[in-house]
Number of protein chains: 2
Amino acid sequence: MQTRFVLIQPSHAGNVGAVARAMKVMGFDDLVLVAPRWSNVLRREEAIQRASGALDVLRQARIVATLDEALVGMEHLCATAMTPRDFGPPTRTPREHFEMLLKKELEAQSHQAQEADLALNVVRPQSVAFLFGPERYGMANEDVYRCHVALSIPANPDFGSLNLAAAVQVIAYEWRLALGGFAPAAAPAPVQEPMLADAAQVAGMLAHWEQALTALGFLDPAAPKKLMPRLQQLFNRAQLHREEIHILRGVAKAMIEAAQAKR
Amino acid sequence: MQTRFVLIQPSHAGNVGAVARAMKVMGFDDLVLVAPRWSNVLRREEAIQRASGALDVLRQARIVATLDEALVGMEHLCATAMTPRDFGPPTRTPREHFEMLLKKELEAQSHQAQEADLALNVVRPQSVAFLFGPERYGMANEDVYRCHVALSIPANPDFGSLNLAAAVQVIAYEWRLALGGFAPAAAPAPVQEPMLADAAQVAGMLAHWEQALTALGFLDPAAPKKLMPRLQQLFNRAQLHREEIHILRGVAKAMIEAAQAKR
């Protein structure tokens, strides 16, 4: 899906760089600035520093004079707004809206929508623009009004002021996940899942430990208390792997050898 | 749930301020820095600027010399790592892990875990620490090893380098949502849901429009083409509200009056 991020009158070059980086880590690269405070913002020191490795996004970003120019070719417009607007589009959380948007059929929210012929008429957009207002004031009402939805990131009611790049990061992250996501970069390397020890292996290991703890004098077979059941529970919760059974048996063996040497 | 954010050897004061802000917007305030590059980082200009209104978080943040000190009292430790580590804890996405962690019972991932008596033994932690490594290198292996999980934010495989504060923002956001979340700040004011127009009201309005468009000479009743069915579909997709029916009928009335005046 074609995805564009539009910053309306951004005033801090550092934020613009950080936005480029936030977009790129989520695989987006179409950035448009509407009437930024600095006309050379894309080449300013702070922008370049905070963009880190996302210089390509900065380099191909466009600066335009009006929101109209920024939205050419975009079908579905998402405002971002932390404060509710009267008469505006519906306010939704990003997760909620993206789920609805990407479903082929509309949620059956109303009896009217439940009618199949209506649902079939709902067309999934091919392009989405996310609009962000100036750092200090947020989006102007008239810009929110032209959008299909006002996205509101659920935040602390006493301090809902997300930094511009942080807001872009959250939206870009949610949108990427909604589109199917990237595998986690740190996806477990293609090593084999460890084999879990089965009950018999655990029981055998525990018997070995019982022997060892007795040899050490730590466990009194005449008054064992609940020591072994406790160890059993502990090891159960650990979901022991097979090779860990070998390690634990090695420990038991060493305990027994030490106890014998002591005597 | 007690939640702590731990920054290991952060080197940029601006990042520390931005982290405080990212935490506060998600309702968290326990920040600990382990051996930061600048001992006065919490009072540095860039930290204060980027913290914006989260100065209270900065003010109560603690600086300690070792990771051990930072983790006092914390039960469940989440590393953050973009690159996989051998022998480390399991790697999971934040969303996946938080869901598992907050469930009372473990996922039935293995036949062993399916045993009810094991599942009942799983204790939900009361405190969680999120660990973030130095900006340039990420977490050291030995620090990752002591954690229960390595969280990996799914990101662009070709550019997975999230800014430190951006990573904190995403984790804090996901964790807050997992804990039940805040209502969206821009929650639709407690206005009534608009009542949808029913089919009869839509049909009546369309009949009025048909009359008006005919009066205007825009619709030729002898050769109506598909104009009215098209309008019907358009208005269906719009899911008209009852008061919008009144508006549209007002428009029809005005069209008819204009057409009559013209004659």
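Predicted model: local features only at pLDDT ≥ 70, side-chain atom pairs only at ≥ 80, totals over all residues.
Residues count from 1 along each chain as its sequence is written, and chains are lettered from A in the order in which they are written. Local features need pLDDT of at least 70, side-chain atom pairs count only at pLDDT 80 or more, while totals for chains, interfaces and linings use all residues, and side-chain values use heavy atoms, with hydrogens and water left out.

**Exercise 1.** Find out how many helices and strands chain A has, and what share of its residues is buried.

*Solution.* Start with the DSSP runs: a helix is H or I over at least four residues, a strand is E over at least two, and both are numbered from the N terminus. Chain A has twelve helices and seven strands. Next comes burial, where buried means under 20% relative accessible area, with a 1.4 Å probe and protein chains only. Buried residues are 47% of the 263 in chain A.

**Exercise 2.** Look at strand β1 of chain A: is it mostly covered or mostly open, and which strands does it pair with?

*Solution.* First, β1(A) spans residues 2-8, and six of its seven residues are buried, so by the 20% cut-off it's mostly covered. Second, check the partners, remembering that two strands pair if DSSP finds at least two bridges between them. Six bridges tie β1(A) to β6(A), residues 127-132, in parallel; here A:Phe5 sits opposite A:Phe130. Another five bridges link β1(A) to β2(A), residues 30-34, also running parallel, and A:Val6 has A:Val32 as its bridge partner there.

**Exercise 3.** Work out the strand order of the open sheet in chain B, and name its edge strands.

*Solution.* Step across the sheet and you get β3-β2-β1-β6-β4-β7-β5, seven strands with parallel pairing. At the edges are β3 (62-64) and β5 (91-92) of chain B, each pairing on one side only. Now zoom in on β1(B), residues 2-8, and β6(B), residues 127-132: six bridges join them in the parallel sense. One example is B:Val6, whose bridge partner in β6(B) is B:Leu131.

**Exercise 4.** Search the whole structure for cavities of 30 Å³ or more: how many turn up, and what lines the largest?

*Solution.* On a 1 Å grid over the protein atoms alone, a cavity is a set of points where a 1.4 Å probe fits but cannot get out, and lining residues have an atom within 4 Å of a point. The search finds one cavity.

Note on methods:
1 Å grid on protein atoms, 1.4 Å probe; cavity = no way out; pocket = protein on both sides within 12 Å on 5 of 7 lines; lining within 4 Å. Points joined across faces, edges and corners; volume = space filled by probe spheres on them. Buried < 20%, exposed > 50% of the residue type's maximum accessible area, 1.4 Å probe, protein only.
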